[in-house]
Amino acid sequence: MANIDVEEKVRQNNENAVLTVKNLHTSFFTDSGEVRAVNGVSFNLTKGKILGIVGESGSGKSVTAYSIMQILADTGKVVDGEILYKGKNILDFTPKEMRDFRGDKCSIIFQDPMTSLNPTFTIGSQLNEAIMLHTERKTKKAATERSIELLTMVGVNEPEKRVNQYPYELSGGMRQRVMIAMALACEPDILIADEPTTALDVTIQAQILELMADLQKKLGMAIILVTHDLGVIATMCDEIIVMYGGRVCERGTAEDIFYRPCHEYTKGLLRSIPNVDNMKEKLVPIGGTPINLLNMPKGCAFCTRCENAMKICLEEVPQEMEMPDGHYASCWLNVKRQLEEEQANG
């Protein structure tokens with residue numbers, strides 16, 4: 001195992017990256033103080049790949065996505081780092097360039113389509129607005145034709161009828177399909193899905209995830225899938241990032257994360273997932289309380305909830321380390337194991 005400079009790793013592997021996030025820090029400035037929601041996140045998003053970002057509520061995964069889209073609340077601000085789209089830092093974009101980026105290059109799907117769709121306008125009028133604003137189809141007739149085409153693509157039945165209906169007339173699954181259609185209206189390079197299945201029942205969840213995977217293969221876009229549910233991303237993602245306290249705990253393939261976890265938080269998440277092979281196995285919740293982002297620990301963000309925490313965990317932030325199988329984790333226990341192996345072999 002060896003320590004790894006995350007920014008150097010990102011630099012070396014960004015030749016095929018459509019998006020590169022480098023040392024991102026995002027804070028919210030409140031009356032109670034600075035809430036450091038994202039603390040030094042770095043990653044590459046490669047064209048045609050699916051990146052999963054997983055973590056519990058408050059881990060910083062959604063704020064990372066909103067930072068990329070620059071749709072933070074008024075109190076939120078990116079205080080450090082870079083977000084590079086094909087080599088250009090979007091943090092330097094003008095308001096017009098940012099609007100073009102959001103519509104033409106990068107789109108987002110939110111977790112609750114009912115709050116994302118305007119209840120006072122028909123599905124067709126809302127789709128038409130996005131199409132006429134960001135594409136060359138400037139007439140209502142041309143936009144409506146494209147709307148029907150998009151609804152057909154995402155599996156909405158009777159699309160000619162649906163364009164004249166209001167959001168409340170559609171089921172949750174249908175509304176989420178409409179949101180996907182709207183996100184794909186401009187054929188973006190990047191699709192961000194923020195908890196896209198949380199408000200849906202299990203069978204509809206599977207349909208939406210399958211739809212997204214199929215569309216990704218057909219259109220070749222890159223997807224960032226944000227979720228708190230490891231089960232959701234088990235079969236979809238090419239790479240998974242596990243976040244806690246605004247930091248990256250571990251990153252690797254689904255096989256790395258599920259079968260060779262090297263961070264205590266990742267292990268805790270896996271212990272809290274039902275095992276279909278042994279339904280009698282008791283689930284073990286992660287102990288303690290979620291981190292207070294107003295008062296971050298000096299060392300590892302997870303140290304106050306970790307059963308195996310050491311003195312150094314309380315004092316110093318662990319650096320990302322390459323594991324023997326090639327994936328990466330930020331945990332002092334891995335350093336301890338490496339030293340013990342070296343002493344045993346030396």
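## Helix packing and selected residues in a predicted model

Helix α14 (residues 332-345) has 14 residues and spans 20 Å from its first C-alpha to its last, close to the 20 Å expected at 1.5 Å a residue; the expected span is 1.5 Å times one less than the number of residues. This is a predicted model, in which local features need pLDDT of at least 70 and side-chain atom pairs count only at pLDDT 80 or more, while totals for chains, interfaces and linings use all residues. Residues are numbered from 1 along each chain as its sequence is written, and side-chain values use heavy atoms, with hydrogens and water left out. Helices (H or I, at least four residues) and strands (E, at least two) are DSSP runs, numbered from the N terminus.

**Helix α14**

- Within α14, the buried residues are Trp-332, Leu-333, Asn-334 and Gln-338. Buried means under 20% relative accessible area, exposed over 50%, and partly exposed in between (1.4 Å probe, protein chains only).

**Helix α5 with helix α8**

- Helix α5 (residues 123-134) packs against helix α8 (residues 172-183) at an angle of about 20 degrees, and their axes are 9 Å apart. Axes are lines fitted to C-alpha atoms, for helices over the stretch in contact, and angles run from 0 to 180 degrees between N-to-C directions.
- α5 and α8 are therefore roughly parallel to each other. Angles under 35 degrees count as roughly parallel, over 145 as roughly antiparallel, 65 to 115 as roughly perpendicular and the rest as oblique.
- The crossing of α5 and α8 is right-handed. A crossing is right-handed if the near helix is turned clockwise from the far one by less than a right angle, and left-handed if anticlockwise.
- On the α5 side, the contact is made by Ile-123, Gln-126, Leu-127 and Ala-130, and these meet Val-178, Ala-181 and Met-182 of α8. Contact means heavy atoms within 4.5 Å.
- The residues of this contact of α5 with α8 comprise six nonpolar, one polar and no charged. Ala, Val, Leu, Ile, Met, Phe, Trp, Tyr, Cys and Pro count as nonpolar, Asp, Glu, Lys and Arg as charged, and the others, Gly among them, as polar.

**Helix α5 with helix α6**

- The axes of α5 and helix α6 (residues 140-153) come within 9 Å of each other and cross at roughly 110 degrees.
- α5 contributes Gly-124, Leu-127, Asn-128, Ile-131 and Met-132 to the contact, while α6 contributes Lys-140, Ala-143, Thr-144, Arg-146, Ser-147, Leu-150 and Leu-151.
- In the contact of α5 with α6, six residues are nonpolar, four polar and two charged.

**Helix α8 with helix α9**

- α8 also pairs with helix α9 (residues 202-219): their axes come within 10 Å and cross at roughly 20 degrees.
- That angle makes α8 roughly parallel to α9, and their crossing is right-handed.
- Gly-173, Gln-176, Arg-177 and Ile-180 of α8 make the contact with Ile-204, Gln-207, Ile-208, Leu-211, Met-212 and Leu-215 of α9.
- The contact of α8 with α9 divides into six nonpolar, three polar and one charged residue.

**Buried residues and their neighbours**

- Ser-107 sits in strand β7 (residues 106-109) and counts as buried at 7% relative accessibility.
- Leaving out residues up to four places away in sequence, Ser-107 touches Met-69, Arg-102, Ala-183, Pro-188, Ile-190, Leu-191 and Ile-192.
- Ser-107 and Leu-294 lie 187 residues apart in sequence and 30 Å apart in space, C-alpha to C-alpha.
- Glu-56 is in the loop between β4 (50-54) and α2 (61-69), and is buried with a relative accessible area of 18%.
- Leaving out residues up to four places away in sequence, Glu-56 touches Lys-61, Tyr-244, Tyr-265, Ile-286, Pro-290 and Arg-305.

**An exposed loop residue**

- Lys-280 is placed in the loop between α12 (264-271) and α13 (311-315), and at 82% relative accessibility Lys-280 counts as exposed.

- Asn-23, a residue other than glycine, has a positive phi near 50 degrees. Asn-23 lies in strand β2 (residues 17-30) and counts as partly exposed at 23% relative accessibility.
- Glu-195 is not a glycine either, yet has a positive phi of about 50 degrees. Glu-195 lies in the loop between β8 (190-194) and α9, and counts as buried at 7% relative accessibility.
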